[in-house]
Amino acid sequence: MEAVPAGARAYIGCVTLAALYCLIPLPSLDTPWWAVLLPAVVYAGCEQAAARWHVAGTFFPVLLAGAFLLPPPAAALVPVPGALFLPARRGPRTERRASATRRLWRAAQLAVAVWAASRTHWALGGRDAVVSSDFPYALVPAGAAVLAFCLALTALDGGIRALAERVPARRAWRGLLARSLAPIGVHGLAGLMMAVLWRSPYGPVAALLVLLPMCVSWWAFAQYHRERAAHQATIRALVQAVDIKDGYTRGHSERVGQASMMIARELGMDDARVEVLRFAGILHDVGKLGVPTRLLRKDGPLTPEERRVIELHPEYGHEMVRGIAFLGEARAAVLHHHERLDGSGYPYGLLGGQIPESARVVAVADAFDAMTSTRSYRRARPVPAALEELKRCAGAQFDPHMVTALARALARQGWHPAVTAEEQPAPDPATAPLTSGPRAAR
């Protein structure tokens, strides 16, 4: 892992000094030590559990409850132990140092954000509203505190992204606030419930009960995260196997997945379906594992019998993935991505709307990457030329809606074709040459 850039280190140092400034009045407060220690311990425990469950994010309800209950300097102290004493990452010295820097950054960032939330809450009389359970007025200062918390996190996150990840300044803060408001707002309601119960006759024990359903939801999310990681590992293993066998198209599968995702988003598909289309693009050629390597790497023209063997790869691929339930409609794309709208494709010669939508998406993405990637037997076409060829073949070979969607997406995001050839390949025997369109990708 690369070291943290000097500009980012200076930025972290400044935020750390700001956090220390927020904590300076702490010794002069008359807040009981246990009132600060208990939420700090609870928060640290929640963070340890989140690290064990491999869940990203921070347990904000405890921090916001502290902001609603404690003076700003005391509230700012609550996240510090939990953020500083998370388990260090194992690895080379540089990586351990970067991990320590991240912990320092997280502690300073959260201390400043919680201080801003507490300061806002107390300035609007929120503490009295919490103590007296004055509803619905208590929601007003609590909402303002949550907004201040979000604004502080957004401002600090954008700065570190611009410096540490070298993201352009105009993009560093884009969308951060909008994405954080809803989830942190929910955490704010849970934090307000904790604060009110804390000040009730039932005391802190009742307040901690609010965490139980949230812990259950975090555990469920952790299980989902692990399952999704297993899905990704399965797909990576299949793609790596294809890359090893058919080395000259290395990287092609990932690029087809990316192009398929761009088309799906342009068509307005929901996020879950966009992910499935990405899987479809990545796995579209997995059936080549069942094709003899000598045919994939044959130097020279194929016989009709050899071409028929190559054209079995969609069916081989479908057999390989048909039992993987999470792939959904991606399995149909693997089987039908070489069909053509005019019915002259394979393996079943489907016509027009008979071809599954996922397969029509992948067919366009596949052909586009084939044309814009440099192979040892020909140079890459420029993106405009590849789009013109796709448009020329739209209606006969490709779905015009998919071609138009790809063109719109490329106009906004661009495309960066890569050289995938590592050795002398044979021209694509599965699709080349087509009499009325570009060679589809391998």
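1. How many salt bridges does the structure hold? In this predicted model, the structure holds 14 salt bridges. One of them joins Arg255 to Asp369, with the closest N and O atoms 2.6 Å apart. Arg255 belongs to helix α13 (residues 252–266) whereas Asp369 belongs to helix α19, so the pair ties together parts that are 114 residues apart in sequence.

2. Helix α19 also takes part in a helix pair. The axes of α19 (residues 357–372) and α21 (residues 400–413) come within 9 Å of one another and cross at roughly 55 degrees. Because angles of 65 to 115 degrees count as roughly perpendicular and those under 35 degrees as roughly parallel, this value makes α19 oblique to α21. The crossing of the two helices is right-handed.

3. On the α19 side, the contact is made by Glu357, Arg360, Val361, Val364 and Phe368, and on the α21 side by Met402, Val403, Leu406 and Leu410.

4. Turning to the annotated spans, the unreviewed UniProt entry places the feature "transmembrane region" at residues 6–26, 59–86, 107–124, 136–156, 176–198 and 204–222. Of these, the model can be described for two. Over residues 107–124 the chain is 94% helix and 0% strand, and the C-alpha atoms at the ends of the span are 26 Å apart. Residues 176–198 are 100% helix and 0% strand, with their end C-alpha atoms 32 Å apart.

Key. Residues numbered from 1 in each chain as written. Predicted model: local features only at pLDDT ≥ 70, side-chain atom pairs only at ≥ 80, totals over all residues. Heavy atoms only, no water. UniProt positions renumbered as here; feature names shortened; annotations may be inferred. Helix = DSSP H or I, 4+ residues; strand = E, 2+ residues; numbered from the N terminus. Axes fitted to C-alpha atoms, helices over the stretch in contact; angles between N-to-C directions. Parallel < 35°, antiparallel > 145°, perpendicular 65-115°, else oblique. Left-handed = near helix turned anticlockwise from the far one by under 90°. Contact = heavy atoms within 4.5 Å. Salt bridge = Lys/Arg side-chain N within 4 Å of Asp/Glu carboxyl O.
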